[in-house]
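I opened my notebook to look up some charged side chains. Here is what I wrote down.

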Amino acid sequence: MNLSTFLWLFISQSYLKGNGVFSHIFLGLAVFTALAPAVLFFILPACRDFYREKLRLSLFIIFGAVFLSTTFYLVQSDLLLGKLIIDARYEESHGTLETIKKVLQVSFILLAACAGIFTVIFQVSLNALTADLKRTSYMLTAAINITLLLVCLILVNYAARVRPASIDTSTIRKFSLSNEGRAIIKGIDRKVEITAFYAYFGELHKEVELMLADIAQTNPRISYTIVDAIRQKEIADKKKVSSNKVVLFESINENELEINKRHQSRRVSVVNNNDLKKMERDFVSAILGVTQTRKKIYFSAGHGEYSYTGPFVEKLISILHDNLRQQAYEIKYLNPAAGFPPRVPGDADMVAIINPQRDFSKQEKQALETYFFGGGKILLAVEPDSNADFSELLDPFEIKLQKKIVVSEFPYSSKKNNSILFATNYGGHPIVSRFIEWPEQYRFSVWPGTGYFDTFKDRLATHKTYEKRFFVNSNFKSWHDKIRNGVQDGKREPYQAFKLAVAVSLPDRDPNKIEQKMKPDQGDKANRLRLVAFANASFMTNEFIGNGKNHEIANNSFQWLLEDERIMGKLPKKLNESKVKLTSTQDDFLLYFMAFIWPFTILISGFFYVRLRKKNLEHAKEQKTG
Amino acid sequence: MTDARQNTRNYLMPIWQIALKEWRGYFHSHLAWGVIAFFLLIAGLLGYFYIKFEKTSFLAMQRVFYTLSGTTMFVSVLISMRLFAEERSKGTLELLITAPITEGQMTAGKYLSVMMFLLIWVTLTLPLPLMVIFYSEAHWGQLLSGYMGVYLLGCATAAVTMFYSTLTRVQLLAAVMGGGNVTVFLLLGFFSPYVGSPVKEIMRELSFYVHYMDFEKGVIVLRHLVFFIGVIIFYGYLAVVSLQARRWR
C-alpha cells in the first residue's frame with residue numbers, strides 16, 4: 001500500500017503534471033492508499049489487538065512517514081510551491097522559497113526512506129513472532145547493514161556531486177576552461193545565474209553542460225540549470241526563450257543607478273560543432289558582460305564621420321556598432337546634447353573618432369585634449385583625404401600622420417584593386433599579439449586607401465615615460481602610390497614597409513612635456529590615458545570589416561582602450577577535427593580486419609586451445625590409469 | 001612476517017585462488033571464445049560504419065565507445081550469469097559454503113575473475129579505437145577515458161548479474177534478471193525528461209548511461225567513478241548476503 005502511494009503520486013504530479021481528470025484520479029488513489037491502512041488500523045479493533053505494542057509503534061511511524069512524505073511532496077511540487085517560486089523570480093522572497101523547497105524535497109525523500117525502512121523492520125518483527133529467532137536476527141542484521149551501506153553510498157555520491165572534480169582528456173580540453181578563462185571566472189565577484197535551454201540527451205546538451213559544470217566548479221557564485229524549452233515551457237516563457245540551444249546568462253547589478261537596467265542578461269547560442277570552438281570565449285565574455293558595469297563609448301558626430309545609419313549600407317559601421325553592443329558596451333554620441341563642447345561627458349569611458357571629413361573646431365579640440373590628457377581613451381581612424389587635423393593629440397608622442405595613399409601587391413586576393421593595401425606584419429602589442437599564432441596567409445588585414453604614420457626620429461622610440469607601438473605594418477612590397485595608378489613605378493615609388501596603426505599608453509607618471517598638459521590633481525587617473533590611431537577608417541566599414549583580421553583589429557582596439565584585455569583576443573579553440581579519411585585499401589583493411597579476420601582469429605585460437613587442452617587431459621588420464 | 005601481513009595474506013590467498021580457477025575455467029569451454037568472437041564481430045561491424053560515416057573523428061571515436069559499451073554489457077551478463085548459478089545447478093555450492101572460506105571471500109574471488117576476463121575483453125577490442133587514432137587526429141585521452149568508462153560499466157553490470165546468479169540455479173534466468181535490472185538502470189535516464197523534480201534528478205542519478213556519457217567524450221568525472229564503484233560494492237554485498245541467507249535455512 002505504501003509503495004503504491006508513491007506510484008500514484010508520481011503518475012499524478014510528475015508524469016501527468018497535475019493536469020486533467022486522470023491526474024486527479026491518481027491523486028485520489030494516492031491519498032486513499034496513504035490513509036486507508038491507518039484508518040483500518042484505528043477502526044478495526046481486531047487489527048489493533050493482533051499486533052503487539054512494538055509493532056503498533058512501527059505501524060504508527062510508517063503511516064505518519066507516508067502521510068507527511070505525501071504532503072511535503074505535494075507542497076513542493078509545481079502545483080503549489082513551484083508556482084510561487086516562478087512568480088517571485090526577482091523578489092527577495094525567492095531565495096527563502098527556494099530553501100523551503102529544498103528542505104521539503106529532502107524531507108520527503110527521507111520520510112519515504114524512513115517508511116521503507118520501518119516497513120522492513122515491521123516485516124522482520126512480524127516474522128520473529130512466528131519463526132526462528134536466530135534467523136530473524138540474521139535477517140534484521142542484514143536489512144540494517146544493507147540500509148546503512150545504501151545510506152553511506154548515497155552520502156558519498158552526494159559529496160562527489162557537491163564537490164565535483166573532473167579531468168578533461170579531450171583534444172585541447174574543449175569541454176573545460178583554459179587557464180586564462182579560469183583566472184577570469186575566479187575573479188567574478190557577483191552572482192550569475194545561467195540557464196541552458198537544451199533537450200536532455202539532445203545534440204550538444206552534454207558538451208554545454210560539461211563547460212557550465214567547470215565554470216560553476218571554478219566560482220561558487222555562478223550556478224547553472226539545464227531546462228528543456230519544449231517540455232518546460234513555463235520557464236522558457238518567463239525567460240523569453242522560444243527554442244532550445246540557447247544559453248542565458250543573468251546577473252543583478254546592485255550598483256546600477258537606473259533600476260530598470262539592474263538586471264543584465266546575455267544570450268549565447270551554441271548550435272553546432274563550429275560554435276563549440278568558441279564556446280569558452282562566448283561564455284566567458286557573456287559572464288563578464290553581465291557582471292561588469294556597462295562601459296560607455298562616445299562616437300564623434302557632425303564632421304562627416306561614418307555612422308550607424310545611412311543610405312549606403314557598405315559605407316556604414318553598423319556591424320561594428322552591433323558587435324560592440326553585444327559585448328555590453330553602451331554607445332552614445334558626442335554632440336551638443338551630450339554637453340560637447342565644451343567638455344567630453346564625464347561618464348565617457350572612451351571616445352571614437354572614425355573618418356571625420358571636416359576638422360574639429362578649436363573648442364572641440366580643446367575639450368578632446370582635456371579629456372585625453374586627463375586620462376581618457378581615444379580611438380582615431382582618419383582617411384588620407386580628410387581635412388581633420390589631430391596633431392595636438394599625436395605630436396606629444398612624436399607621431400605624424402602622413403596623408404598619402406600607400407598600396408601593396410595582392411598576394412591574397414584575385415581581385416585587383418588599385419587602392420587596397422594588404423598587411424600581414426604585426427608588432428608586439430596586446431591588440432594583435434594573438435595573430436602570431438596563425439600562419440601568414442591567414443592573418444592578413446585589408447586597408448583600402450590608407451595613409452601611414454611616421455615618427456619625428458629615424459628610429460622607433462620607446463620612451464620610459466610612455467609606450468608607443470606601431471602594431472600594424474604593411475608588407476615590404478608596398479609603396480607610396482604618387483602617380484595613383486596602383487602600379488609600382490620603379491625608383492619613383494620604391495618598395496618599403498609602412499606603419500598603419502599605432503597604440504600609445506602611459507604606464508608611469510610622465511615627467512616630460514605631456515605632464516604639462518595634465519592637471520596636477522588628476523593623479524593616477526591621468527596615467528591611464530590610451531590612444532589608438534589608424535591611418536585608415538574604411539577598414540571598419542561594413543564593406544571591409546569582414547575581410548581578414550579587420551574585425552578583430554577593430555574589436556581588440558576597442559577592448560584594449562576600455563582596459564578589457566581579459567576578454568580581448570580570445571581566439572576560438574583550434575579544433576582540427578575532420579572526418580576520418582580512408583583510402584580504398586585502408587577502407588577494405590578496416591572492414592575485413594575488424595569484422596572478420598580479428599574475430600575469427602580469436603574463435604579459431606579458442607577452438608584449438610580447448611581441443612589441445614582436452615587432448616592433454618585425456619592423455620594425462622590415460623597415463624594415470626595406465 | 002608480521003601477524004598483520006600474515007593475516008592479510010591468509011585472507012587474500014583464497015580469493016586469488018578462486019579467481020584463478022574461475023578465470024582459467026572461462027577459457028576451457030568453447031562458449032567464452034564464441035561469446036568473445038561474436039561480440040567482436042558486432043563491435044567491429046558497427047565500429048567500421050561509424051568510423052566511415054561520422055562527420056568528425058571525435059564523433060567516430062564517441063560512437064565506437066558507444067558500441068563497445070553495449071557489447072561489453074552483453075559480455076558481462078553472459079560471463080557472470082554462471083558464477084553461482086552453475087555451482088548451484090551442479091550441487092557444488094554447498095561444498096563451497098562449507099569450505100573454510102567466508103562468503104565474502106568467495107564472492108570477491110569470483111568477481112575478481114570476471115574483472116580479469118573483462119580486462120582481456122577490453123584488450124581484444126583495442127584495435128578498433130586504435131584505427132580511429134591512426135587514420136585521423138583523434139586523441140589518446142579520449143581512448144583512455146572511453147575505456148575507463150567501458151570497463152566500469154562492464155564491472156557494474158557484472159556485479160548486478162552476479163547478485164542474481166546467487167538467487168537461482170538457472171543460468172539463463174540469472175542473465176534475464178540481471179539484464180533486466182541493468183536495462184531499468186539504462187532506461188531511467190531516457191524517461192527522466194518526462195517527469196518533474198525531484199524524481200527527475202533521482203532517475204538521472206541512477207542511470208548507467210547518464211554516468212557513462214562523459215567518458216565517451218573524454219572527460220573523467222569523479223562522481224561517475226564513485227557511482228559505478230558504489231553499484232559494484234552494493235550489489236557485491238547483496239550477493240554476499242544472499243549466500244549467507246542459505247545458512248539460515
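I began with B:Lys110 and B:Glu22, whose side chains meet in a salt bridge at 2.6 Å, N to O; the term asks for a side-chain nitrogen of Lys or Arg within 4 Å of a carboxyl oxygen of Asp or Glu. The pair links distant parts of the chain, 88 residues apart: B:Lys110 sits in helix α6 (residues 103-124) of chain B and B:Glu22 in helix α1 (residues 3-26) of chain B. I took helices as DSSP runs (H or I, at least four residues), numbered from the N terminus.

I noted that this is a predicted model, where local features need pLDDT of at least 70 and side-chain atom pairs count only at pLDDT 80 or more, while totals for chains, interfaces and linings use all residues. Residues are numbered from 1 along each chain as its sequence is written, chains are lettered from A and ligands numbered from 1 in the order in which they are written, and side-chain values use heavy atoms, leaving out hydrogens and water.

Buried or exposed, I asked of B:Lys110? B:Lys110 counts as buried because its relative accessibility is 1%; buried means under 20% relative accessible area, exposed over 50%, partly exposed in between (1.4 Å probe, protein chains only). B:Glu22 is buried as well, at 5%.

Next I looked at B:Glu86 and B:Lys90, which form a salt bridge at 3.6 Å, N to O. Both lie in helix α4 (residues 82-90) of chain B, 4 residues apart, about one turn of the helix. B:Lys90 is exposed, at 61% relative accessibility. Salt bridges that share partners join B:Lys21, B:Glu22, B:Arg82, B:Glu86, B:Glu87, B:Lys90 and B:Lys110 into one network.

Technical notes: Helix = DSSP H or I, 4+ residues; strand = E, 2+ residues; numbered from the N terminus.
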